[in-house]
Structure formats: C-alpha cells, structure tokens
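Dear colleague,

Please find the structure below. A short account of the findings follows it.

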Amino acid sequence: MARPGRRRVAVTGLGVVSCCGIGNDAFFAGLSAPAPVGEHRVYDFDPSPFFDVKQARRADRFQQFSVASAQMALDDAGNLDVDPGRAGVIFGTGVGGLETLQEQITVLVQKGARRVSPFLVPMMMANAGAAAISMRLGWRGPCETVVTACAAGTQAIGNAARLIQLGRCDAVITGGAEAAMVDIGIAAFGNMTALSSSGVSRPFDRRRDGFVIAEGGAALVLEDLERALERGAHIYAEVLGSASTADAHHITAPAPGGTGALACMELALEDAGVTAGDVAHVNAHGTSTPLNDLAEAEAIVKLFEGAGPLVTSVKGVTGHSLGAAGAIEAACCALTIERGMIPPTVGLEELDPDIHINVVTGAPVPLPEGVLLSNSFGFGGHNGCLVIAPIGFSSPGAPA
Amino acid sequence: MDNEAAFDKFKSCAVEVLQVPAEKITLEASFSDDLEADSLEVVELVMALEEAFDITVEESELDGVATIGQAFDLVTSKL
C-alpha cells in the first residue's frame, strides 16, 4: 500500500547462515524440524566461497557471517544494476568481534602488549561487518552499524527501509550477524542467569528457563519497489513499516506488562498504515526467558485485545543469535509470505498458563491473509518491530 | 645461524603471515606491489619475526622498509 510522500520497499534477496540451515531452503525447512542437539553453532559454515585464506584470517567470524549472508542475498536478488552512490549497507550486531578480542587479550596476558595483533581493532569493531560488505561490493552510500543488543538486526532493517522510503538509496543490504559463542561470552551470559540451564529453548513454555545462545547471520536486499518491478525481480515481500522505541526502564529487564513492546508494535502498525486487525501473524522475539516471553505475550494480548493472531517464535530451533536474531526472523517472515506457511514454535510442549496468546506448535500452518509483525527486544530496553506484508496487501481497515 | 638458514626461517614467517607462496618471498619483492601486504601486515610480520628470532624491532626502524630484502637486513643486523 502506498503511503503519501514515500517510496515502497521490496525485499528482493535473502541470505541466511543459521544453525538450523545455511541458505533459504535449508533454513526454512530447518525451522520445522527438531531443534539441533547440543550447542547452537553453525558447525558446517565454510568461509572459503566468500574469502581467500588471507582474507579469512583477517575477518572475525561475525564478519564472515555478515559477508556470507550479504553475498548470498545479493546473488539471490539477481542483477541489481544500482548506482553505487545510492546503494547502502545497514547491518546489526550485538557485540562485534568478541572471539578476536578474547584471543588478543589472552595474547596480551601471556606474551605482553608488543604481541597484540595490529588487526585487533579492524577485526573486533562492531562496524567491521558493514564495512567489509561495502568494500566487497563497492557500494558507497550510507554504511552504518546498529548495535542495540538483541534488537540490532530488526532495527537495522527498519533503518535500511527508511533510506529507501526517503529516496536516499535505491538498494540497501541489511541484516545482522553474531558470533559471540566464545568462553567469555558464554560465561558472561551464563552468570547473568540469562542462559537456559537445561540447554533447551522452549519459547512460551511453562518450563522455559532461559535462552539458548546461538550464532549466525542473515541479510536482506531491500530495493525501491518500482525499480524492483521494472527489472522483473523476484519480490518476496514488502517492508510496510517499522518502529524503534526504548523502555527507559532497566538495563536488562523488560518494562513490566510489556508496555515498551506494546508501544513499539503500535507505532510500527501506524507507520505501516495498517491496524491490529490486519495482522495475520506475529513472529515473536520469544527468547524462552521467563521475563521476556511473559512481557511479550502480555503486550500481544493488549495490542489485539485478546489472544490475537497466530504467533511463532523460531528460537525454539534457532536459539538466540542476539544481534543476528531479528535479521534471521525477518528472513523467516519473507519466506513465510513467499511459501504461505508459518513455521511452528519448536520446543513448546505446555503453554505457560499465564500466557494467553495463540502460539503455533507442532507443525507448520497456512498463513492467513494479512501482514506480519516481527518483534525484537534488546538489553538496554531497545525495542524494534517490523511490519512485513505480501506485495499486494491492502488494508481494509485503513483510512483511504 | 648462517644467512641461508636465517632466510629460510624468515621466509616461513612471511609465508605464514602474508599467506603467499614461498617462491614469491624474494629479496627484491616489494610488500605493497608484489605481496599485496599493507602496513598492518608488515607490522604483523615483524611481530612474528621478533618472536622467531628473539629480537626487538622498534616501530621507527620500520620507516622506509618496503621490500623483503630491507626487512631481512633489519633482522640480520640484530642477530
């Protein structure tokens, strides 16, 4: 649906590196399969199609995920033929190159300051992923990194869509990547008691006991819709709107009653020019932590004045890949629309009796007509929501 | 250590750090033109050489070092 004064945004390419599958088909099939056993690492990731040996040595794993997912998305999008000055990169990450930082601190302690790698800074900096993508493609438009913990991927996509809506860019590669599964990262999240002690991700389940840390990356090619139509691109979906808000409440706990999440979802729907009644499906943040899932479910009930539309959290399979999660889930939304099926919330066996939303469990279900809402909430009180829709969607409830 | 043994050791460091084939490590080879090594990679190579040869190279001593031969002379001057 056209909004006066702004261009429409098409999703024309997707690339996913996830522990449940690399590439769109493997990833989407993996979302409906049992969760991977053990740690949610991307064990079969091979950087060699994307980097020569020397480049790979100079790129932290999070940067490798950034570039790999971006290149896959670009290949998927076909011939963009975009002016490099009007092509941007907006990528998210929670922490950047933590593995490199940990390695070099060990070098510092064991061998002294003179042995610390001159590549530490360019490898660990959070913007290394976005920078590497722009250098690889020669894209010289805005190239920025969003660092808002677990909301980073979603907020990056919202910001990227804005660049197209406002006419600054004709194409943007956006998404997020994370590779924080190193000793210091796991210890730190573990000591916050944020991680599941059972090692099982169970979004919205009565027995959920924390999130299961994961790694990965996902990228989307966003493009001016008219341009995408003109060049005959395959269009997965349209980014109708987005919102970014802060709880202004607590550095790690969500605002009670999900008030921050609610405000963000409402704003995203308003930005998209649709109503709550237009929402067919919510791709939830659903981390499997006691606090998040309760607050998010309360926000959903308030927004829809009842159980509302079908809700899924893919984190039962993917685990929680922090700054990559929102991008992986936005890619899931695009595939959900393309294939007309909503993946289930794997790991959910017994809905928490305090949670009163309509969660998809067991097997995929057909996607009803309507728009999708994708939520991400990050430590720091960062909230991000995207409204993603089939390209022909028109809100019956919206003002003409 | 004779000169040949020292160069072999130098070469193995350069191959490892710069990720280039051993035959490209010649005395005449330029870091930037022949080996595609930027200034940070030269610093990393020197760090590896310091460790391999148990020497110390000050940052100021790297001024004007543009070829493998110049870097090798710098190392051997400290042995």
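Contact here means heavy atoms within 4.5 Å. The model is predicted: local features need pLDDT of at least 70, side-chain atom pairs count only at pLDDT 80 or more, and totals for chains, interfaces and linings use all residues. Residues are numbered from 1 along each chain as its sequence is written, chains are lettered from A and ligands numbered from 1 in the order in which they are written, and side-chain values use heavy atoms, with hydrogens and water left out.

T318(A) touches S18(A), C19(A), C20(A), F27(A), L31(A), H40(A), A214(A) and I328(A), leaving aside residues up to four places away in sequence. T318(A) belongs to helix α12 (residues 315-318) of chain A; helices (H or I, at least four residues) and strands (E, at least two) are DSSP runs, numbered from the N terminus. With a relative accessible area of 4%, T318(A) is buried (under 20%; exposed is over 50%, partly exposed in between; 1.4 Å probe, protein chains only).

A276(A) sits in the loop between α10 (259-272) and β8 (279-283) of chain A. Its relative accessibility is 24%, so A276(A) counts as partly exposed. Leaving aside residues up to four places away in sequence, A276(A) touches L269(A), L303(A) and F304(A). From V89(A), A276(A) is 187 residues away in sequence and 31 Å away in space, C-alpha to C-alpha.

Yours sincerely
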